Structure formats: C-alpha cells, structure tokens
Amino acid sequence: MIHFGVIGYGYWGPNIVRNIRSLDGAKLMAVCDTNKNAAERARKAHPDVRVTTDPAEILRSPDIDVVAVITPVWTHFELAKAALLNGKHVFVEKPFTATSAEALELIEIAERKKLQIMVDHTFLFTGAVKKIQQLIDDGTLGKLFYYDSTRVNLGLFQHDVNVLWDLAPHDLSIVDHLIGQRAEAVLATGEAHFNGLTDVAYLTVYYPDNVIAHVNVNWLSPVKVRTTLIGGERKMLVWNDLEADEKIKVYDRGVQMNSREGVYDLLVSYRSGDMWAPKIENTEALKAELSYYVHCIDQNETPFNDGMAGLRVVRMLEAAEQSLKHKGEAVFA
Ligand SMILES: NC(=O)c1ccc[n+]([C@@H]2O[C@H](COP(=O)([O-])OP(=O)(O)OC[C@H]3O[C@@H](n4cnc5c(N)ncnc54)[C@H](O)[C@@H]3O)[C@@H](O)[C@H]2O)c1
C-alpha cells in the first residue's frame with residue numbers, strides 16, 4: 001500500500017484527492033492547504049482524512065511515502081525539494097517547475113535518494129492521446145507532417161503565470177510524447193492586455209525531419225475550443241476534445257505529387273477517401289496516471305512522465321518565453 005499526502009486543495013487538488021481515494025493500492029493519509037477556506041472544504045468533503053494548514057506536517061510525516069504537490073507553479077520547487085529531502089516520492093503538477101535549473105536540482109536529488117518523480121502530464125493518459133499514439137506507432141498516419149492545436153477559452157486568468165505556462169504545457173507534453181524527438185527551435189509571439197501577463201500566444205516548435213508543431217493558447221476567447229489537427233503522409237486526423245463520443249476523426253485524405261519525365265509541371269493529385277471515428281477508451285486519465293505511478297513506485301520503475309519529461313517541457317517554455325520577448329525570434333532549444 002502506497003501512502004499519499006496531498007498539498008494544495010484549490011481547483012485541481014480535489015481531483016487528485018478523489019482519484020487517490022479510488023485506487024486499490026493507495027491510501028490518502030493527509031491533505032494540506034495553507035488557505036483556511038480550502039482546508040475547510042477538504043475537511044467537509046473528506047471528514048475521515050487528516051487535514052492541516054501546515055505543509056510541514058505532510059512533508060515530515062513518517063507515515064507518508066508520496067507527496068502530491070498541487071499548488072501554484074512558483075511553489076512546486078520548494079515543496080518538492082523538501083519532500084524529496086525527507087525521503088518521499090513526489091507527484092508534481094504541470095508545469096514541473098518555474099525554471100529548468102530548479103527541475104535539474106529536483107532530478108538530481110531524486111536520483112541520489114533513489115526516489116521517483118512523476119510530473120502530472122494528464123493528457124498522456126487520456127484515451128484520445130493513447131489512440132493517437134497507436135495510430136502513429138502502427139503506421140496508420142504515416143510519416144508525421146504537423147501537429148496544430150487550438151486551446152482557447154475565456155480565463156481563468158492566473159496571477160503567477162502567463163497563458164503559455166498555463167495552457168501550453170498540455171500540448172508540449174503531448175508532442176514531446178508523440179514525436180519522441182528533441183525540439184530544434186521554438187518561436188513564440190503573443191500579447192498582454194491586462195495585468196502584464198501574456199494572455200494570447202502563438203507557439204511554433206520545429207522538430208527534426210520537417211515535423212512542425214503549432215499551439216494557439218488564449219484566455220480571451222469568447223468560446224472554449226480544444227481542437228487539434230494532426231497531419232500525416234497517409235492519413236490526417238481531427239481531435240476535438242470537447243466532443244463526447246467521436247473525439248477523433250481519421251480522414252483518408254492527402255496529397256500526392258509526381259513529376260513525369262518530359263513534363264516540367266508538378267502533377268498534383270488529391271486523395272479524398274473515407275472518414276472514421278475510432279473507438280476510444282473511456283477511463284479517467286488522472287486515475288490511470290495515479291495507478292501507473294503506484295505501479296512504478298511498487299516496482300521501482302521510472303515513469304515515462306518523469307522529471308526529465310517535466311524538464312523538457314520547462315525548457316521549451318523557457319525558450320518560448322525568450323522568443324516572446326523578441327517578438328518571435330527563433331530560440332534554439
Ligand atoms: N493537469 C491538469 O490538467 C491541471 C489542471 C489545472 C491545474 N493544474 C496545475 O495544478 C496546480 C494548481 O493549480 P490550481 O488551478 O488548482 O490552483 P489554485 O490556485 O486553484 O489552487 C492552489 C491551492 O494551493 C494552495 N497553496 C499555495 N501555496 C501553498 C503551500 N505552500 N502549501 C499548501 N498549500 C498551498 C492555495 O491556497 C490554493 O488553495 C498548478 O500547477 C496548475 O498548473 C493542472
């Protein structure tokens with residue numbers, strides 16, 4: 001049995017708490033939030049669980065094996081570092097840390113103390129991303145051309161991070177996982193309209209072999225959109241995450257170009273075949289992710305969404321931040 005303590009019971013924390021409680025191999029020992037109202041909410045929802053406003057009670061508790069850090073980004077490093085130094089595994093929210101130097105330090109401590117870091121890259125555990133991975137791995141999509149995501153809605157404005165650090169980690173962790181290659185260069189443009197934090201941003205990431213990723217993140221959109229296009233040489237797909245049933249539609253569409261001997265013009269032909277919606281596994285991503293973490297700790301296995309995966313995303317965000325300051329200049333990651 002793996003014993004969890006959760007720090008942070010704001011918007012996302014209750015989902016972590018609920019899912020830990022639903023796992024067979026895990027037990028929730030305590031919840032902490034420095035905010036009295038949040039702590040009170042935790043107490044009401046889970047009267048049988050110890051609730052505290054002092055993080056040290058969780059960080060030092062001898063009966064806790066894993067600390068889940070579900071607090072704002074700027075607090076991740078201090079809390080995760082203290083947990084690791086006290087011999088506890090850590091489950092840290094995305095983005096892993098506020099800087100790559102912090103991420104490297106946490107990875108080094110975890111390695112030295114033989115502890116497992118998992119970064120909450122929730123989307124990697126959704127049925128949709130698992131299906132896309134399968135369509136890439138089994139060759140259905142063919143050679144990848146591009147990943148193009150629109151992740152926009154009205155708010156929620158954050159106080160400590162801009163829209164890139166808030167929303168882009170989802171897509172950056174997905175492309176990192178699906179493409180499996182290091183980014184070559186990152187370009188970002190954007191604007192801030194209210195509190196100095198960028199609220200609209202466009203991010204482009206260049207990968208080897210002519211693969212390109214584009215992510216549009218925006219807190220000022222009148223409607224919520226979660227749509228991603230993925231283009232491959234053999235098939236293309238549209239993933240609409242707001243769709244209840246047919247989240248992914250695969251299109252047998254594409255382009256072929258031939259030049260015949262003696263004919264100087266390119267002969268372009270378009271293929272427009274069938275469309276189908278593959279069946280997608282319908283389990284809660286967080287439950288699958290936390291269950292995998294329990295398995296990793298039990299078996300002493302390194303999760304694929306480990307500290308290094310978190311670091312790669314933070315490095316891309318840092319490169320994007322630098323590019324943003326120079327109005328879209330390419331930053332080589
Ligand atoms: N994986 C996902 O899909 C997903 C979704 C939403 C948020 N998140 C991430 O979860 C984290 C928290 O986001 P949120 O939206 O829940 O924020 P939030 O502000 O709603 O909640 C954070 C809570 O942490 C508490 N807190 C702050 N510092 C603390 C400390 N030192 N000790 C104990 N409690 C402390 C605050 O009082 C607050 O209640 C962020 O990193 C965010 O990026 C991830």
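The model is predicted, so local features need pLDDT of at least 70 and side-chain atom pairs pLDDT 80 or more, while totals for chains, interfaces and linings use all residues. Numbering starts from 1 along each chain as its sequence is written, and side-chain values use heavy atoms, leaving out hydrogens and water.

**The sheet**

Start by colouring the strands (DSSP runs of E, at least two residues; helices are H or I runs of at least four, and both are numbered from the N terminus). Nine of them make an open sheet of mixed pairing, in the order S14-S13-S12-S11-S7-S10-S9-S8-S15; two strands pair if DSSP finds at least two bridges between them. At the edges you will find S14 (267-276) and S15 (331-332), each pairing on one side only.

Next, select 185-191 and 200-207: these are S8 and S9, antiparallel and joined by seven bridges. Alanine 188 has leucine 203 in S9 as its bridge partner.

Helix H9 (307-325) lies across S8, S9 and S15, at about 55° to S8. Contact here means heavy atoms within 4.5 Å; axes are lines fitted to C-alpha atoms, for helices over the stretch in contact, with angles from 0 to 180 degrees between N-to-C directions.

**The ligand**

Polar contacts are pairs of N or O atoms within 3.5 Å. A ligand oxygen sits 2.6 Å from a side-chain N or O atom of aspartate 33, and a ligand nitrogen is 3.3 Å from one in aspartate 120. The protein covers 79% of the 850 Å² of accessible area that the ligand has on its own (Shrake-Rupley method, 1.4 Å probe).

**Loops worth a stop**

Lys94 is also joined to proline 95 by a cis peptide bond, with omega about -20°. Proline 95 lies in the loop between S5 (89-93) and H5 (100-112). Another cis bond links glycine 155 and leucine 156, omega about -15°; leucine 156 is in the loop between S7 and H7.

Finish at asparagine 210, in the loop between S9 and S10 (211-218), where phi is near 60°. Most residues other than glycine have a negative phi, and most peptide bonds are trans.

Note on methods. Polar contact = N/O pair within 3.5 Å; in protein donor to acceptor, adjacent residues only side chain to side chain.
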